Amino acid sequence: MKIADTAQSEGPSVFAQAAELELRNVSKRYPGQREPAIGDLSLTVPAGEVCVLVGPSGSGKTTAMRLINRMIPITSGDILLGGRSVLERDPRQLRREIGYVIQQVGLFPHQTVGENIATVPRLLGWPKDRISARVRELLELIGLDPQEMTRRYPAQLPGGQRQRVGVARALAADPPLMLMDEPFGAIDPINRARLQDEFLRLQEMVKKTVVFVTHDIDEAIKMGDRIAILRDGGVLAQYDTPREILTHPADEFVAQFVGADRGLKRLALTKVAELKLAEPNGLRADLRADGRADGVRRVSAETSVRDALSLMLTEGGEALTVVDGDGRVEGLLTLGVIEQLLADEAAEPAGDAAEPQPEGPR
Amino acid sequence: MTFAALAAASGPVIPNFAAQSSSCEIHNRLFCAGWVSRNWGPVLWPALRQHIVLALVAVAIGFVIAMALALAAHRYGWLERPTTLITTILYTIPALALFELLAAPVGLNVFSAEIALVSYTLLILFRNILAGLRAVPAEVLDAAEGAGMSRTQTLLRVELPLALPAIVAGLRIAIVTIIALATIVYVVYDRGLGVPIHTALGEGPFKTELIVAGGLSILLALLADGLLVIAQRLLTPWARIRTS
């Protein structure tokens, strides 16, 4: 068993469980079709990590996800959740232990927001007071007013809030695994970014094993600890960390899929603080606290290198002064520094970062 | 034989004409309140009560049958066409002809009456229940399945509650139709508001009985419809929010 913590949650305030997920030579073949929808797919998602399944339409990413909770029957191979085959489980019992979030949310329109969140705990037969305590806690977690939401119906909420409720409903019974099928695909770009950030913060707290399906490589890079890129026929093209996929795409298909701007995408993954910055040319750091003393714009060390580069290009400077949270100068960011980063990453042997990471969350 | 039927048999003269009739009745005015109050207890109230029972029993039985048919057709899609065909044929048979058809094998009794009335509810109720079940959004069903609901749980907790507005809409049409139709049940079974209406038609110029009995039938239909509207509002608070 590789469940990070097998103990059932004692009180409602615990998100105790995350389990390792392993797909072993999984294939799915529909009768009457020559090509399989999923062909011999093997991958392991360590407990508490987000695995993004990404690929063009027809790559079977949603199918692969729905095999896991047996919404689609598997043709051959095996899927293990916490070391135990899902095929030996009663499908309904299994699904109650797997959070399920879909693009159209699928909230029950005739139930209040609170009742919606209580769906799985009710199926599991939790006592009433435990359910209502859990619902209250989850509503607070997603930033909705518990008092109001036990009266409101889904139709009364804007789209972004409905999607939050969908996530809360999936988390209600503290499942060791969450399946999310393009959960933010129907949300406008501004709110999507907000929901993505929110989910990443939430994931920091709940540390679930997550299988996240999207067709958007940018979303995959942002959300995934690991990315599984599928090609036509459900064949795994590459399974790696976002950085590794951007630095060392396995083949032409992956390189095309991640896009010609993969260098820029890599920069988005790196914070300025991670770079070997140039010396601030003998200037005394304490005198340059405003960052403008020598005409150079300053930037926080927490900024992504991509945003810093963009700033450099639009502001017309050759360098940026990097400051830490307290405004102290850490060094200078120049184009040379960024080129060095890209060169260093490319020089790393492929697969280096793909070594199985220590168990558990990032 | 009811009092009214006896009266009808005795000829075109109004019962107790000589003994109690007012000048209103003698002059064949359109509406005579005195006649109504004298005949409420012996004629009108029993007919109204019988009418309510006839209609309620028909709609209740029809609802049970239509629900079973709709659930079957919801699960096995191929059942829809034959069921629609049969219930449509039943619905299109002229009511009087159906009563006559039933009278020979079944007899002049409550069974002929109810079989005919029930057969007119089936198409309306079947269509509406099935439409309601099918209108449940696919993503809602997907979410229910993904949450680990069984088929029965999905039906009871998700599909039927969401189909309720369509089901009630069907019930409203059915009950109004059956209350109107039940006025001709008298041809096989001498119960209901059809009996005083028929009597009145046979009595020549006197119109009060026709107006009152017919009016009661209309009021009853409106009342039943209104009660169902109120019931639906209480049962589906979410449906109003959705449209507002």
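In helix H1 of chain A, the buried residues are Lys61(A), Thr62(A), Thr63(A), Ala64(A), Met65(A), Arg66(A), Leu67(A) and Ile68(A). A residue counts as buried if 20 or more other C-beta atoms lie within 10 Å of its own, as exposed if 12 or fewer do, and as partly exposed in between; C-beta atoms are placed from the backbone. H1(A) spans residues 61-68 and is mostly covered, with 8 of its 8 residues buried. Helices (H or I, at least four residues) and strands (E, at least two) are DSSP runs, numbered from the N terminus. Just after H1(A), Arg70(A) takes a positive phi of about 65°.

The model is predicted: local features need pLDDT of at least 70, side-chain atom pairs count only at pLDDT 80 or more, and totals for chains, interfaces and linings use all residues. Residues are numbered from 1 along each chain as its sequence is written, while chains are lettered from A and ligands numbered from 1 in the order in which they are written. The model scores ipTM 0.81 and pTM 0.81.

Most residues other than glycine have a negative phi. Two further residues of chain A have positive values. Val105(A), not a glycine, has a phi near 65°. Val105(A) sits in the loop between strand E6 (98-102) and helix H3 (113-117) of chain A. Val105(A) is buried, because 22 other C-beta atoms lie within 10 Å. For Glu182(A), also not a glycine, phi is positive at about 45°. The loop between strand E7 (177-181) and helix H8 (189-206) of chain A holds Glu182(A). With 19 other C-beta atoms within 10 Å, Glu182(A) is partly exposed.

Leu236(A) belongs to strand E10 (residues 235-240) of chain A. Leu236(A) is buried, since 21 other C-beta atoms lie within 10 Å. Leaving aside residues up to four places away in sequence, Leu236(A) touches Leu41(A), Leu43(A), Ala228(A) and Leu230(A). Two residues are in contact if their C-beta atoms, placed from the backbone, lie within 7 Å. Pro158(A) is 78 residues from Leu236(A) along the chain, and their C-alpha atoms are separated by 37 Å.

Chain B contains 12 helices and 0 strands. Its radius of gyration is 22 Å, well over the 18 Å that the globule rule gives for 244 residues, so chain B is more spread out than a compact globule. The radius is taken over C-alpha atoms, and the rule is 2.2 Å times the number of residues to the power 0.38. Along the principal axes, the C-alpha atoms of chain B fill a box of roughly 80 × 45 × 20 Å. Buried residues form 40% of the 244 residues in chain B. Of the contacts in chain B with a separation of 6 or more, 74% join residues 24 or more positions apart.

Confidence in chain B averages a pLDDT of 87, and 90% of the residues score at least 70. pLDDT is the predictor's confidence in each residue, from 0 to 100. Over residues 1-14 of chain B, pLDDT stays under 50; the model has 22 contacts beyond four places in sequence for this stretch.

At the interface, 17 residues of chain B are in contact with 20 residues of chain A. Helices H8 (138-146), H9 (151-181) and H12 (237-243) of chain B each supply at least two residues of the side that touches chain A. H8(B) gives the largest share, 6 residues. By class, this side of chain B has 9 nonpolar, 4 polar and 4 charged residues. Ala, Val, Leu, Ile, Met, Phe, Trp, Tyr, Cys and Pro count as nonpolar, Asp, Glu, Lys and Arg as charged, and the others, Gly among them, as polar.
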